Amino acid sequence: MKNLFVVFGSLVVAFAFNFFLIPFGILSSGISGLAILFGIITPLNVGLLNFMLNLPLLILGYFKLGKTITINTLVCVVSVSIFLDVLPVVALTDNIMLSTVFGGAIGGLGVGIILKYAGTSGGLDIIAMIISRVSSFRIGILLTGMNGLIVVLSGFMFDWEIALYTMLSIYLTGKMIDTIFTDHIKLTMQIVTTKGDPIRKELLQSIYRGITMTEGYGGYTDEKKDILMIVVTRYETLHVKEIARKHDENAFINIYETVEVDGKFHVH
């Protein structure tokens, strides 16, 4: 099911590129933007360039973000590359400002959907997600900052008016991503279970967060319980619940928003 959302998000991204950005030479954010750039100045296919440029970062994502995200990212990169090749490049409007605004916003919508359902759109998203998981920076802000190089390249390769439109498009993409994807928000999860040790071991192997484990007793049953407390990003809550349910279907899970984290959040 998740991969279906990733494929849909990829279609939305490719739609934004081919119908709004590429017809006017406006670049997108990240590696996709570089693929568009090289596709404009060379006879190479944008979809193929997008896939080839993403390969090294997919390998990095496998080691830093885990197998699940990497598989979904691979699905996304392949899907975007195919959709870029299949969809025609047609301008839906002859107004460059409208294309910039809608291209940036729709592209951000697609990337936000992909991130929300346990993936990345590849490229700089992988780097931004790695940084976000060990800090409080928002994904959209990180991507906006890292994409300054693309704006400069756009200015030198084409003209500075196109570079300014590119900057606006990238900014709108980042704002849309932050609206949909809230991974920067930290949550505290308390898991009350009779299977504390196997849950703790698997969490440490896959989530890489510090865990506090205490003993308690059921107020009604007087049964001994393990209480695990872990601070995670919003993205990671689903994975934590899946692990807890795998070992204990009757585990009680309490989730609440964390205002501030002061101390060691990420376990290396």
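1. Start with a definition. A residue is buried when its relative accessible area is under 20%, exposed when over 50%, and partly exposed in between (1.4 Å probe, protein chains only). By that rule Glu-215 is exposed, because its relative accessible area is 55%.

2. Now the ground rules. This is a predicted model: local features need pLDDT of at least 70, side-chain atom pairs count only at pLDDT 80 or more, and totals for chains, interfaces and linings use all residues. Residues are numbered from 1 along each chain as its sequence is written, and side-chain values use heavy atoms, with hydrogens and water left out.

3. Look at the surface next. Phe-38, Ile-40, Ile-41, Val-152, Phe-156, Met-157 and Trp-160 make up a nonpolar patch there. Their accessible area together is about 680 Å². Such areas come from the Shrake-Rupley method with a 1.4 Å probe, and for residues only the protein chains shown count as cover. Patch members have over 30% relative accessible area and no salt bridge; nonpolar side chains (Val, Leu, Ile, Met, Phe, Trp, Tyr) are joined within 5 Å, and like charges within 9 Å.

4. Which helices each supply at least two residues of this patch? They are α2 (30-41) and α8 (148-157). Helices here are DSSP runs (H or I, at least four residues), numbered from the N terminus. Phe-156 sits in α8. Phe-156 counts as exposed because its relative accessible area is 66%.

5. Then follow α2 to a neighbour. Two packed helices are described by the angle between their axes and the distance between the axes. The axes of α2 and α3 (residues 46-65) come within 8 Å and cross at roughly 140 degrees. So α2 is oblique to α3. Axes are lines fitted to C-alpha atoms, for helices over the stretch in contact, with angles from 0 to 180 degrees between N-to-C directions. Angles under 35 degrees count as roughly parallel, over 145 as roughly antiparallel, 65 to 115 as roughly perpendicular, and the rest as oblique.

6. A second pair is α10 (residues 196-206) and α11 (residues 237-247). Their axes come within 9 Å and cross at roughly 150 degrees. These two helices are therefore roughly antiparallel.

7. Turn to Leu-21, in helix α1 (residues 2-21). Is Leu-21 buried or exposed? Leu-21 is buried, because its relative accessibility is 1%.

8. Charges come next. Side chains of opposite charge can pair when their charged atoms come close. A salt bridge here is a side-chain nitrogen of Lys or Arg within 4 Å of a carboxyl oxygen of Asp or Glu. How many salt bridges does this rule give? The count is 5.

9. One of them joins Asp-197 to Arg-200, at 2.7 Å from N to O. Both residues lie in α10, 3 residues apart, about one turn of the helix. Asp-197 is partly exposed because its relative accessibility is 34%. Arg-200 is partly exposed too, so judged from 25%. Asp-197, Arg-200 and Lys-201 are linked in a network of salt bridges.

10. Two further pairs deserve a look. Lys-224 bridges to Glu-215, with the closest N and O atoms 3.3 Å apart. Lys-224 is partly exposed because its relative accessible area is 45%. Glu-223 pairs with Lys-225, where the closest N and O atoms are 3.7 Å apart. Glu-223 has a relative accessible area of 38%, so Glu-223 is partly exposed.
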